[in-house]
Amino acid sequence: MTIDSNPIARDSSLAWWRDAVIYQVYPRSWADGNGDGIGDLPGITARLPYLRDLGVDAIWISPFYVSPMADAGYDVANYKDIDPLFGSLADADALIVSAKDLGLRVLIDLVPNHTSDEHEWFQAALAAGPGSRERNRYLFRDGQGTDGDEPPNNWDSVFGGGVWERITEADGTPGQWYMHIFDVKQPDLNWENPEVHEMFRSVLRFWLDRGVDGFRVDVAHGMVKAAGLPDVDASTTFNFEGRPVPTNSHPMWDQDGVHEIYQDWRRVLEEYNTNGDPATDRILCAEAWVEPMDRLGRYVRSDQMHQSFNFPYLDAPWRAADLQEVITDSLRIFGDVGAPASWVLSNHDVIRHASRLGYPVGEERPIGIGADDSQPNAIVGLRRARAATALMLALPGSAYIYQGEELGLPEHTAVPDDLRQDPMWERTGHTSRGRDGCRIPMPWVGGEPAYGFGTAEGTDTWLPMPEIYGALAVDRQEGVADSTLEMYRTFLRLRREHQLGSAHLTWVEGYGNDVLALRLSHRDMADDVVVLTNFAVEALELPAGATVLASSHRLPGTALPQDTTVWITD
Ligand code: NOJ
């Protein structure tokens, strides 16, 4: 089904990114163009018309750079070339051109906190020795203790274990330590060093010159560490996959110095839009797991980034009061600095929301699910996920969709442990199953090998696909009235038609504690859209005279059942 969607030609008075719906493509798992079981750039290009038809405005592609793939590409060995696994620079150029032809903007992933240990800079640093210019591009330190065999401080790595790794010097003696806040193969760069700044300016320009519309910035809150790298109190823990403590109290996160970097990058981006036409804005989006939310607002001040993922929204429990609070805070905090709020429910680092919402309300979000862990309720999870998406797509600002959520894909909760790829599984001593379950290849055609993910005759994919993905494949849902895919298409179309991304939100009183009721008004639209989400066991009678635009599940008459969202005009 094709729908008319040419976002680039839309309301030119509004910068495109203020209300854009941006679809995350995880290249390993989107579409496999050469049949090796791993997705690639030609695969993405071939499937782009699907995204135009879905009705999104832009894509964000997770890393595709040269990489030993110790962290699925978030360990970059060369920022200016494509890993052969994914294709070539010519394939990237072709992808960008095709996307633009279809009216889709393209964001790519920038990984500036760390490189791969196979990056030429790190290899040179190992060879060059203590005190060298080469070592000063990373965070090398001498160890503590009489033989230097104690790590320089007590910080924990996000992936488990400590953040320090000791090297062997070229002469064979035990040497200095380097910091890696993620995997040991991801050494942290030294952002006190002007050479690092210069390198990333040139990376930005390299990709802007090739036509990208912006960057999602990995670990945007981690690049600058507190001076002196002080020890932390043992009770101060933070894990981007778990619930964070207030991050500005941790010397590894959210240091004020990061903002100077983004001011500098904003200037680089603006060189590419000298006439100030909002249609040619290039943007930055922060991946910053920062709390409290006021701190997140600092990343999107008008001289820095354009957007920041709203992780407090992703983490909000499925309860009316919690959602009302986080939506209100988001609109206020982002609005105070003139930025659009952004909304997100899933990505490649968290349990898919069709499964996450299938756990009892308020329960801590797990980090990966194994076959012997407590399992989410799939029916409740999908029902709430559809209602949550229908709510999210009504909210003013920009929304992010993670590939496959439009099919209602659940987490794969039974990946055999010996097939797990996420370094978290090993580094935590097999206590955290990690993020493989949300990174399973996309099912395109239910009846084909690997559900149409690739061209291969076989069914081998880099992560195994669960059987349920066959029934949820794109071809099984296209044109099926109540399918999750058609639901996404409908809400995306209505969001655009009613200009909800740039509408004004007011809360509607009188529905009680278990209903979220909001009104969206737009100065150019005759009718307001009222959005109701019912969290109560009892169905809610819709207001008399309401016209239903769409609902997250088919409505039985004029009542709104539990865990259902409806858009109406009154
Ligand atoms: C955040 C990315 O989203 C995640 O996938 C990655 O493992 C870490 N940053 C390290 O780059």
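1. Start at the ligand. One of its oxygen atoms sits 3.0 Å from an N or O atom in the side chain of His114. For Asp349, the distance from a ligand oxygen to a side-chain N or O atom is 2.4 Å. For Arg435 it is 2.9 Å. The protein covers 100% of the 300 Å² of accessible area that the ligand has on its own. Polar contacts here are pairs of N or O atoms within 3.5 Å; within protein, one must be able to donate a hydrogen and the other to accept it, and residues adjacent in sequence count only if both atoms are side-chain atoms. Accessible areas come from the Shrake-Rupley method with a 1.4 Å probe; for residues, only the protein chains shown count as cover.

2. On the model itself: it is predicted, local features need pLDDT of at least 70, side-chain atom pairs count only at pLDDT 80 or more, and totals for chains, interfaces and linings use all residues. Residues are numbered from 1 along each chain as its sequence is written, and side-chain values use heavy atoms, without hydrogens and water.

3. The shell around the ligand holds 14 residues (a heavy atom within 4 Å). The closest are Asp71, Arg216, Asp218, His348 and Asp349. By class, the shell has 4 nonpolar, 3 polar and 7 charged residues. Nonpolar covers Ala, Val, Leu, Ile, Met, Phe, Trp, Tyr, Cys and Pro; charged covers Asp, Glu, Lys and Arg; the others, Gly among them, are polar.

4. Arg216 also belongs to strand β9 (residues 214-217). Strands are DSSP runs of E, at least two residues; helices are runs of H or I, at least four; both are numbered from the N terminus. Gly214 and Arg216 point one way, Phe215 and Val217 the other, and all are buried. Buried means under 20% relative accessible area, exposed over 50%, partly exposed in between (1.4 Å probe, protein chains only). β9 pairs in the parallel sense with β5 (residues 105-110) over 4 bridges; pairing needs at least two DSSP bridges. Asp109 is bridged to Arg216. β9 also runs parallel to β10 (residues 283-286), again with 4 bridges. There, Gly214 stands opposite Ile283.

5. A separate item is the open antiparallel sheet of 3 strands, in the order β6-β8-β7. β6 (140-141) and β7 (164-168) stand at the edges with a single partner strand each, so one side of each has no neighbour in the sheet. β6 meets β8 (residues 174-179) over 2 bridges. Arg141 has Trp177 as its bridge partner in β8.

6. Ser398 lies in strand β13 (residues 398-402). Its relative accessibility is 0%, so Ser398 counts as buried. A polar atom of its side chain lies 2.6 Å from the backbone oxygen of Ala20. Beyond four places in sequence, its contacts (heavy atoms within 4.5 Å) include Trp17, Asp19, Gln307, Trp343 and Arg495.

7. Check the backbone geometry. Most residues other than glycine have a negative phi, and most peptide bonds are trans. A cis peptide bond joins Glu291 and Pro292, with omega about -5°. Pro292 is in the loop between β10 and α6 (293-297). Met69 has a positive phi of about 65°. Met69 is in the loop between β3 (65-66) and β4 (78-82), and is buried at 18%. Gln499 has a positive phi near 55°. Gln499 lies between α14 (484-497) and β14 (504-507), and is partly exposed at 23%.
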